[in-house]
Amino acid sequence: NTPLSPGEAGVQKIGFKKNRRGETIFGLPSATIEVDGEQIDVLFDTGASIFLSDSGKKTFNTNEKTIGGSFIAASVFDKWHAAYPNWKVYSKADRYADIIEVPKVKIGGNEVGPVLFAKRADKVWSKNMISSMDKVVKGAIGGSGLKYLKVTIDYNSELIRFEK
């Protein structure tokens, strides 16, 4: 028996890399989020952590080295920044790059936000992650987006439910 059903409110299919026999070989699920009407395939990553620079610690008023985060491919980050110059960008707040604050993100049909996304090179997703994912993703959704939701994941049926 499975606790989730396709078509149920807030439920979406997740994907896993499989071998020729159809057996899951990596536990890295792909999911879909929506920003400004665009569906974006991402890694569902409850442990996604943004490593803060010293200026990032000041910006987010914390002494912590990391915060729960999400990540997005540089090409998407740059597209968002060009289309929405009013969205906050925290320059070099991440140890490796800039962070953008997206006011509204749809996750499993639930509108949440703001959500922080740290910028990562496109090749992180298209070249590095593809070997362990079922498809090319453009980023990862983690704690900065998931903190607004109750999440139930059913690995056996490859379904996930997001509820406010």
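Asp41 is partly exposed, with a relative accessibility of 26%; this class lies between buried, under 20% relative accessible area, and exposed, over 50% (1.4 Å probe, protein chains only). The model is predicted, so local features need pLDDT of at least 70 and side-chain atom pairs count only at pLDDT 80 or more, while totals for chains, interfaces and linings use all residues. Residues are numbered from 1 along each chain as its sequence is written, and side-chain values use heavy atoms, with hydrogens and water left out.

The side chain of Asp41 forms a salt bridge with that of Lys135 at 3.7 Å, N to O (a side-chain nitrogen of Lys or Arg within 4 Å of a carboxyl oxygen of Asp or Glu). Asp41 belongs to strand S3 (residues 38–44) and Lys135 to the loop between helix H3 (122–128) and strand S12 (139–141), 94 residues apart. Helices (H or I, at least four residues) and strands (E, at least two) are DSSP runs, numbered from the N terminus. Lys135 is partly exposed at 32%.

The structure holds nine salt bridges. One of them joins Glu8 and Arg161 at 2.4 Å, N to O. Glu8 lies in the segment before strand S1 (11–13) and Arg161 in strand S14 (residues 159–163), so this pair ties together parts 153 residues apart in sequence. Arg161 is buried, at 16% relative accessible area. Arg161 also forms a salt bridge with Glu163, with the closest N and O atoms 3.4 Å apart. Through shared partners, Glu8, Arg161 and Glu163 form one network.
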